[in-house]
Amino acid sequence: MRQIHPYTSAAWAVISAGFKVRAPLQQRDAAMSDLVDVMDDACALVSASASLELHTANPRRKIAAKLLHQATECGYFIQWYAKDKGLLKRTAQNLSGSAEPNIKRFIKSFERLRKAFQEHATAEIDIAVLRIVGKVEDIVAAVNLNDMPYAKGAGYALERGCLSETRTKIITEITDWLLRPIVVDTIRPSDSPDVRDDRASLFWLSGFAGSGKSAIAHTIAANLAAIGRLGSAFFFDEATANDRSAAVLFSHISRDLADTIPEWKQALAPIVEKASLRYSPSVTVQFDELILRPAQACTFVGPILLVIDALDERGGDGVSRRELLRILSSRLHELPVNFRVILTSRPDKEIEDALNSTPYVERRILDKAAANDLGVYFQSRLGDQPALDRRWPHDEWIRILVHKSEGLFQWAFTACEFMLERGWEVPERFETLLITTELEGIDSLYKAILRSRFGSDVNDIRIPRFQAVLGRALCVLSPLRVSDLITLRGPSEKPETTEAILKWMGSVLTGVTPGSQGRVQAFHTSFRDFLFNQHRSGIFHVDPPTHHLALARACLVVLNKELKFNICGLETSYNSSHPNADNFRDRIREHVSGALLYASEFWSHHVAEIAGEADPTLIELVQEFVNTKFLFWLELLGFTKKIYWAGGAMRTMVKWASMSHVKSLITFGADAQRFISNFAEVIGRSPAHLYISCLPFAPESSLVSQQYLPLFNNTIRAQSGKQPMWNPLQKPQVLHGHTAGVREVAFDHRGKHLVSCSNDSTIRVWDTVNWTSVKLRGHDSAVYSVQFYDYGNCIISGSRDKTLRIWNANNGEPVGNPLRLH
C-alpha cells in the first residue's frame, strides 16, 4: 500500500500485533469488543485510501492518516490491556475501572474521524493518545520544575530536517524500529524468533561529518512529535558545549517528559523537592533520580521515544562524558521496555568502544546521500534560477553539483549558501566552484570559499585578520552577537574589522548578515574542525590556544572597564522581588552588555585553556580585577544566578597562577573561595546585600575583607560575631578513604562530623577536627544517599541494592534490619 505517512509500515505492524490478541479479549470484555469493531471499520477506510495521490491536499488523505494514527494508538493499548490483565490478574471490576474510560475515548475519536472521512471534512480532530495508565501516588505536583537545569535551544527544529522525499529509506527504517509493537509475553511464546528482550533499547546512527545525521534526527523528532510519541529531543552542539553538556542531558529530558506527561511530573515532584537532586551535576544521580525513579513509578502504554543527536559533541568534564557513555552502554535496560532511544554520532573510538558490544544497541552506518536525494535538494534551493538552466540546460548544472558533492549533504548546503549570497550572480558563483581545483570534498569546498574572499597568499594582510576574527567567533564558549564579538576584539584590531570579515561568511556562519541580531556560529561543526586542523585548512588555520588567550585578555578588559557597584541601578538594597523575576531580567538587559555577561561567566574558562607560562599582560589584568572588581563581579553573578560558579572560577585562577608562581593571586584566590563558600547563599538571594550582610562579617584576616572593606566607609561595622579567621570547616581538605566515587556528603547539625557515601558500597563518618574516619559496612551495592537525623544521633542511608539502613552515629552499628520497601 502507498504510504500516507512516514510511520505507515510501523503503524500496520502495531495494529496487526493488536489484532492478534483481539479474539480472547473480545470474548471476555464487551467494551473491548466494541473497540475492535470500530478498529476494523477504520482499517478498512485506511486501506481504501491507498488510491489517494501521495502529493494531493485531499482532506480525505489527511483524515486517513489520522485514522491510521488512532488505530496505532489502539494497537498499543490492546497490547498493554492483554499484558496487564494476564500478568497482574486484576479483577474484571478493577480492570474495567481503569480501562473502560480509555476505550470510550478511542471509540469516540474513531467515530468523529470516520464521519470526517466520509464527509470530506477538513476540520482538525484530536487523536486520543494514551501514554500512561493508572496513577502514581496522589500528590499535588506544586513544585516548580523551571529551575531544574535545561538546555535552551537544544530541541528539534522542523526547518533543520530533511527535505521532503529525501532520505526516505533510512527515516522509514528508524521509524519502524522506534514504533515497533511492544512485546507482550502472553501473546507469543518466549522462544519466538521475533520476541525482543523486555528492556529499553537504542538505535545508533553513525556517519562522518556532513553526511546528514542531524537532519535525519530533526526529521525523526518532528515526525514523532506529530504523532504524540516524542518524549524529548536533545541536540548536542560543540559551539554551545558549555550549555548543552552531558551534565544537563537527563535533567533536560526529565523536564520535557514532565511537560508532556502529567503523571511523570506527578512522580517527579516529590523527588526534586530535595535541592541536591534538582541541581545535582552528577550524570549518574540525574539518571537514577530524574529518569529511572519516575519511570518505575509509571505504567506506560506504547513507546516513549528519545532523540539524542551528535553525542560526539557532548560538552562537560571528562567524568560526566564518561558517565553518560557508561549509562547509555550498560544501564538503559533498567528502564521500561517502552523507552527507545535514537542516537547519532560521528565515528568516535570512545563511543564505539562503549556501544559496539552492547546487546540492546542496534547500529546503522549512514551511507552517502543518494544522487536522487541530492538532486531534489539542489532543485529545491536553486530551481528558481533560470540563468543556470540557460547556461547549463537540461539539468546539467544539477548533475555537476551532485557529482561535486560526493554524497555530502553538508557540501550541498554550503555550496547553495555560497551561490545564493546577496550581491553575487548565481552563475558567477557557480563558475567559481567549477574552476577551483581539487573541489571535491568538504575541505576543498571550504578552501574554495575562503580563497574567493581572502586570497591564497600567506602574506596577504587579510589572512591574520580573518584568523583573529574567526578564532574569536568560534572559540567563545557560548555563541555571541557580532556587536559583542566587536567588544571582545584585541587592542590592535579596529571595530570595523570584525564586521568586514564576518559579513562575507554567510555561507558557513549564522548571524553574520548586516543588521542581524542572531548569534554567530558555524552552520556545521565540520567548518570548526576544518579551521582548527592545520593540515586541513593550511593558511586559514585557527589555533585555539592562541585565541583562548586573546579572549581571556579581552574578557578581563571588559570586566575591569564595565563592572561597577550597584550595576543594575537598584534604588535600595532591599527588594522583595526574586533576582530571577522579570523586572530584574529587564534591569540586566538595560544595564549590562552582552559582552560583560559573557566575560563574567567565561573568563576563567578561557584562562583554563591557555597553554604554557602565564602571559604578563594577562597577569596584570587579573591582578587589577581581584584588586578592584571582585565584589562587583560577585554582585553580577548573584543577579544572573551564576554565583555558585564563582568558586570554580577562583580555583581555576589559583591553578593557573600557581603555574607561574604569582603568589598574590594564589593567596587571594584561596581566600576568595572561602568568602564565596560562606556567603554564596546570601548573595544568591539578595545580591545587593553583599556589601551589607557579607563583607562586614568576613574575618578580619580575610584578604577580601582587607582589600574591600575600607572602600565602603558608610556600610555597617560588626562589633561582635566576627571570627578572627575563617571557620576551620572551610579550610580546604582532601580526604582519602573511599575506593570509588563519592555520591553524597552531609554535616551533622553541629558541624562536628561529616558523613559520606560511595560507589564502593561503604559509608564513612569523619571527625572534622582531625579528619579521621570510621567505615560503615552493610549495603551490597553503591550507596547513593546519606544524611544525619535525630540531632546527629542517627544516620540513614539509601543504596542501589534497594534498601534503606539506619545507623547509630555514635558507635557505627546498624539499627534494626534493612528496610526493603522498593
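# Notebook: loop, helices, cavities

**Entry 1: a loop residue.** I started at Ala241, which sits in the loop between strand 3 (230-235) and helix 8. The model I am reading is predicted. Which residues does Ala241 touch, once its neighbours within four places in sequence are left aside? I found contacts with Glu313, Gly315 and Gly316. I then checked one of these partners, Gly315. Ala241 and Gly315 are 74 residues apart in sequence, yet their C-alpha atoms are 4.3 Å apart in space.

**Entry 2: the whole chain.** I stepped back to look at the protein chain. I counted 33 helices and 16 strands. The chain has 822 residues, and 51% of them count as buried. I also looked at contacts with a separation of 6 or more. Residues 24 or more positions apart account for 70% of those contacts.

**Entry 3: two helices.** Next I looked up helix 11 (283-297) and helix 12 (residues 318-330). Two packed helices are described by the angle between their axes and the distance between the axes. Here the angle is about 40°, and the axes of helix 11 and helix 12 are 8 Å apart. Helix 11 is therefore oblique to helix 12. Which residues meet? From helix 11 I noted Val283, Thr284 and Phe287. From helix 12 I noted Ser320, Glu323, Leu324, Arg326 and Ile327. By class, this contact has four nonpolar, two polar and two charged residues.

Entry 4: I turned to empty space inside the model. Rolling a probe the size of a water molecule over the atoms shows where empty space is left. The count came to four cavities of 30 Å³ or more. The largest cavity has a volume of about 60 Å³. What lines the largest cavity? I listed Phe250, Ile253, Phe287, Ile291, Leu306, Ile308, Leu328, Leu332, Leu335 and Val341. By class, the lining has 10 nonpolar residues, no polar ones and no charged ones. Helix 8 (249-260), helix 11 and strand 5 (304-309) each supply at least two residues of this lining.

**Entry 5: helix 17.** Last, I asked how many of the 11 residues of helix 17 (residues 409-419) are buried. The count is 10, so helix 17 is largely enclosed by the rest of the structure. Among the buried residues are Phe409, Trp411, Phe418 and Met419.

Technical notes:
Residues are numbered from 1 along each chain as its sequence is written. This is a predicted model: local features need pLDDT of at least 70, side-chain atom pairs count only at pLDDT 80 or more; totals for chains, interfaces and linings use all residues. Side-chain values use heavy atoms; hydrogens and water are left out. On a 1 Å grid over the protein atoms alone, a cavity is a set of points where a 1.4 Å probe fits but cannot get out, and a pocket is an open set with protein on both sides within 12 Å along at least five of seven lines; lining residues have an atom within 4 Å of a point. Grid points are joined across faces, edges and corners, and a volume is the space filled by probe spheres set on the points. Helices (H or I, at least four residues) and strands (E, at least two) are DSSP runs, numbered from the N terminus. Ala, Val, Leu, Ile, Met, Phe, Trp, Tyr, Cys and Pro count as nonpolar, Asp, Glu, Lys and Arg as charged, and the others, Gly among them, as polar. Buried means under 20% relative accessible area, exposed over 50%, partly exposed in between (1.4 Å probe, protein chains only). Axes are lines fitted to C-alpha atoms, for helices over the stretch in contact, and angles run from 0 to 180 degrees between N-to-C directions. Angles under 35 degrees count as roughly parallel, over 145 as roughly antiparallel, 65 to 115 as roughly perpendicular and the rest as oblique. Contact means heavy atoms within 4.5 Å.
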